[in-house]
Structures are given as C-alpha cells and as structure tokens.
Amino acid sequence: MPQVTPQLNKQNDTHVSLPLFPGISGGPLENHYRLKQFHFHWGAVNEGGSEHTVDGHTYPAELHLVHWNSVKYQNYKEAVVGENGLAVIGVFLKLGAHHQMLQRLVDILPEIKHKDTRAAMRPFDPSTLLPTCWDYWTYAGSLTTPPLTESVTWIIQKEPVEVAPSQLSAFRTLLFSALGEEKKMMVNNYRPLQPLMNWKVWASFQATNEGTRS
C-alpha cells in the first residue's frame, strides 16, 4: 500500500485520505463501496464524544470509515448527494488497554496539530482499527457533517475498541485554528444526538432490547 497523507479536516474532525480503493460489500449493501477516508469524533471529556448512543450510553469517541458507491456513481462527489451513495462504518472507542495500531496515528498528531497542516506516515491499514467481532446495527441515514445529505447506509459496530486514556487525550491537543491564529482546541467535534424519526435500525445478530440512536 502506498504512503498515505493524514491531514486536518476542515469539517471539524481529523481524517486520513486513502489513494487506493479498498472497500466493503455485502450485508445491507447491494453494491461495492470504495473507502474514501476515515476520521474520528471525540469530546472534551470522557463522558461524551460519540455520534451514536446505545441504550442511552455515550462513548468518549467514535471512528468513521467513509465509503462511496463506486458501481452506481462515477466519483465521491456524485455519491455524496446520491441515493445509496455512501456507506459509513462506525466504531465506538472506549477507554481501556493501549491500542497498538492506533498509536501509529497518535504519534504523528503533533505534526498536524494546526488546521491545514500535513504529515507523511508509513503505510497504514485502517482495518486494524476495527473490532474483532463484526456484529453490527445498520440503518439508512444522513451525513453528520455538511451537506447532511440522507445518502448514507450506516453500519455501526456493536463491539467497541479499547484505547488508552493517553491516546484519546492526544486527540484533544489538536486545534481548529491555523498557525498564527488564536488557539481554539479541537474538542466536541461531534453532532449532537438527533431523533431517530422514521428510520428503522436493523441488527446483524439476534437483537435484544438494545438499540442505537444517532
């Protein structure tokens, strides 16, 4: 895999854009979806930060792996506003053991502390950030950042991944501001909880009373 270039996202998160086209298919998806980028959302404190909740429980952070429908659309821009254009895998982060692969991203955060800064890194496989259990919830919903189009098939992993408190704290050192501007800490970069409306949530496993909200 060629070198990837992490950069500070202008839409209030940190994302890594990928030059290759790994992707996902099957499950709730009728087509193959290419991986475009992945990013994180987190709170200023550990009591909040995820964009989804499970039975009212909020996690301190959430990882999103954003894919686009490469069968139905010519490019990502078209897919964003198109029906069934995107598929996003959501992974909850909880405090616990040190995450060895996440540390590779944490190590370069000081280099991209400010808005619009970049840093090179060694080849990185984003699948190493996924949980070992692939049970998930899925529903048809919208982006959580502008343009907020209802073009997303959400696939929310039931099992969270553990990260060390120091690793999560490293994300809170990033800034919304550029070099030379007044410092503005990059925290609480998540969309507040939205009503489920008429969206139906399905589970890939034998469901209990558990439920997810976004």
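Predicted model: local features only at pLDDT ≥ 70, side-chain atom pairs only at ≥ 80, totals over all residues.
I take buried to mean under 20% relative accessible area, exposed over 50% and partly exposed in between, with a 1.4 Å probe and protein chains only. Strands are DSSP runs of E of at least two residues, numbered from the N terminus.

Residues are numbered from 1 along each chain as its sequence is written, and side-chain values use heavy atoms, without hydrogens and water.

**Strand S7.** I looked up the burial of S7 and found 9 of its 9 residues buried. Ala 61, Leu 63, Leu 65, His 67 and Asn 69 point one way, and Glu 62, His 64, Val 66 and Trp 68 the other. I note that side chains in a regular strand alternate between the two faces of the sheet.

**Neighbours of S7.** I count strands as paired if DSSP finds at least two bridges between them. S4 (residues 29-42) runs antiparallel to S7 with 9 bridges; Gln 37 has Val 66 as its bridge partner. S8 is joined to S7 by 8 bridges, also antiparallel, and His 67 stands opposite Ala 87.

**Aromatic pairs.** I pair rings of Phe, Tyr and Trp (its six-membered ring) with centres within 6.5 Å; planes under 30 degrees apart are stacked, over 60 edge-to-face and the rest tilted. The whole structure gave 8 aromatic pairs. Tyr 59 and Phe 92 are stacked, at 4.4 Å and 20°. Tyr 59 lies in the loop between S6 and S7 and Phe 92 in S8, so this pair ties together parts 33 residues apart in sequence.

How values were computed: Helix = DSSP H or I, 4+ residues; strand = E, 2+ residues; numbered from the N terminus.
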